[in-house]
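Trainee: Before we look at the model together, could you show me how to read its features one at a time, with the general idea ahead of the particular case?

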Amino acid sequence: MPPASQPARRTRDPEAKRVAILAAAREEFAEHGFAGATIRAIARRAGVTHGLVMLHFSSKEQLFLAAVPGTRDLTGTVEGGLDGLPERVATAFVQRMESADGADPFIALVRSAGDQEAARALLRAMARESAAAYREVLTGPDVEARVELVGALLIGVTFSRYVTGDGELAAMPADRLIPYLAEALAAFLR
């Protein structure tokens, strides 16, 4: 046992530090949104350096996408092919949003709209992740356009129901919203 005057040895545990960064990022993004959160604040909260955060995650957008639920869950949702895809997407979206507590990429995107550069960066990152997942089941030269239309529809629902929280759409029970949303998504997910 080392004498009390010697500092404790630091252990290297990259996975534990990565987990701490993700937890800190979830908290920071939930409290301050995408535009208001900073890498330095996340690093402080995680007890690591700014450089270590950037070593694990190449950008704020990538950290956000890794830390909060959203497009990274899409791969599991699209598995199973085109049959039932609109229903699976609508169900997964509504269930995720109902439990998001303000820490969802769509909510952050809508709340970041005032900072156009931040909103563009986040939208581009989300679109890349979504297009990659949808390409597993959708075909044709217009996949990216159809994915953007899906995103626009979901962003609109996010704004009306989960950000402003006013009107018929906001008051509608989740189990009633899902079939309406699935019907609208079917136009793009064919």
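Mentor: Let us begin with a term: a salt bridge is a side-chain nitrogen of Lys or Arg within 4 Å of a carboxyl oxygen of Asp or Glu. In this predicted model, local features need pLDDT of at least 70 and side-chain atom pairs count only at pLDDT 80 or more, while totals for chains, interfaces and linings use all residues. Residues are numbered from 1 along each chain as its sequence is written, and side-chain values use heavy atoms, with hydrogens and water left out. R120 meets that criterion with E117, the closest N and O atoms being 3.7 Å apart.

Trainee: Where do R120 and E117 lie?

Mentor: Helices (H or I, at least four residues) and strands (E, at least two) are DSSP runs, numbered from the N terminus. Both R120 and E117 belong to helix 8 (residues 116–134), where they sit three residues apart, about one turn of the helix.

Trainee: How many helices and strands does the chain have?

Mentor: The chain has eleven helices and zero strands, and its C-alpha atoms fill a box of roughly 70 × 35 × 30 Å, taken along the principal axes.

Trainee: Is R120 buried or exposed, or something in between?

Mentor: Buried means under 20% relative accessible area, exposed over 50%, and partly exposed in between, with a 1.4 Å probe and protein chains only. R120 has 43% relative accessibility and therefore counts as partly exposed. Over the chain, buried residues make up 41% of the 190 residues.

Trainee: How many salt bridges does a search of the whole structure find?

Mentor: The search finds eight salt bridges. Among them, R161 and E98 meet through their side chains at 3.0 Å, N to O, and this pair links distant parts of the chain, since R161 is in helix 9 (residues 143–163) and E98 is in helix 6, 63 residues apart. R161 is buried, with a relative accessible area of 9%, whereas E98 is partly exposed at 41%. Another salt bridge joins the side chains of D142 and R146 at 3.2 Å, N to O; here D142 counts as partly exposed at 33% relative accessibility, and R146 counts as buried at 6%.

Trainee: At what angle do the axes of helix 6 and helix 11 cross?

Mentor: Axes are lines fitted to C-alpha atoms, for helices over the stretch in contact, and angles run from 0 to 180 degrees between N-to-C directions. The axes of helix 6 (residues 85–98) and helix 11 (residues 174–186) come within 8 Å and cross at roughly 135 degrees. That makes helix 6 oblique to helix 11, given that angles under 35 degrees count as roughly parallel, over 145 as roughly antiparallel, 65 to 115 as roughly perpendicular and the rest as oblique.

Trainee: Which residues make the contact between helix 6 and helix 11?

Mentor: Contact means heavy atoms within 4.5 Å. On the helix 6 side the residues are P86, E87, V89, A90, T91, F93, V94 and E98, and on the helix 11 side they are A174, L177, I178, L181, A182, L185 and A186.
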